[in-house]
Amino acid sequence: MKRIEAYIRPNRLEDVQPALDDLGVPGMTCEPVRGYGRQHGQTDTLQGSHYALNLVPKTKVFVVVSDEMAEAVVAAIVKAVQTGELGDGKIFVSEVHDAVRIRTGERGGEALY
Ligand SMILES: Nc1ncnc2c1ncn2[C@@H]1O[C@H](COP(=O)(O)OP(=O)(O)OP(=O)(O)O)[C@@H](O)[C@H]1O
Ligand SMILES: [Mg+2]
């Protein structure tokens, strides 16, 4: 199983959500976050401000999927959010060791799908 964690522009969530649903992801979590990347949160209007103040609002999208589905999920997120401009966001992929569906006690892939 893979954990896919994407930091995207908040206004792109409306496109990411249906794209993930079309792929048949078994579930997803999203939350508003604030962060910065290479430009330390600087935008045109914030140039010159102290970078510590420039935490840019982003939306974190979090999904755990099968190994087989992971690349398709990454590709779908990129397709839905890429503009080519600074601050398009970032995706992190990592290994998930186990999952538990609390209601039934199912483990691993059984708990996902
Ligand atoms: N190394 C990182 N660790 C944790 N979060 C990160 C990291 N890099 C980026 N982020 C998150 O992703 C958001 C968007 O990052 P951003 O797209 O600006 O990355 P970047 O590396 O600066 O790329 P670009 O040069 O295209 O802007 C940040 O606001 C932050 O929330
Ligand atoms: Mg950036």
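Hi everyone! Let's start with a word we'll need: a residue counts as buried when its relative accessible area is under 20%, as exposed when that area is over 50%, and as partly exposed in between. Keep in mind, too, that what you see here is a predicted model.

Now, salt bridges. How many salt bridges does a search of the whole structure find? The search turns up 8, and I'll walk you through some of them.

Take Glu-5. Its relative accessible area is 13%, so Glu-5 is buried. The side chain of Glu-5 meets that of Arg-3 in a salt bridge, at 2.9 Å from N to O. Arg-3 itself is partly exposed, at 28%.

Next, please find Lys-60 and Glu-31. They form a salt bridge too, and their closest N and O atoms are 3.5 Å apart. Lys-60 sits in strand S3 and Glu-31 in strand S2, residues 29-35, so this pair ties together parts that are 29 residues apart in sequence. Is Lys-60 buried or exposed? With 16% relative accessibility, Lys-60 is buried, while Glu-31 is partly exposed at 38%.

Two further stops on the salt bridge tour. Asp-98 pairs with Arg-107, with the closest N and O atoms 2.5 Å apart, and Asp-98 is partly exposed at 37%. Then there is a network of salt bridges linking Lys-2, Asp-67 and Glu-95.

Finally, look at Ser-66. You'll find Ser-66 in the loop between strand S3 (56-65) and helix H2 (67-81). Ser-66 has a relative accessible area of 16%, so it is buried. Beyond its neighbours within four places in sequence, which residues is Ser-66 in contact with? They are Met-1, Leu-112 and Tyr-113.

Notes
Residues numbered from 1 in each chain as written. Chains lettered and ligands numbered in written order. Predicted model: local features only at pLDDT ≥ 70, side-chain atom pairs only at ≥ 80, totals over all residues. Heavy atoms only, no water. Helix = DSSP H or I, 4+ residues; strand = E, 2+ residues; numbered from the N terminus. Buried < 20%, exposed > 50% of the residue type's maximum accessible area, 1.4 Å probe, protein only. Contact = heavy atoms within 4.5 Å. Salt bridge = Lys/Arg side-chain N within 4 Å of Asp/Glu carboxyl O.
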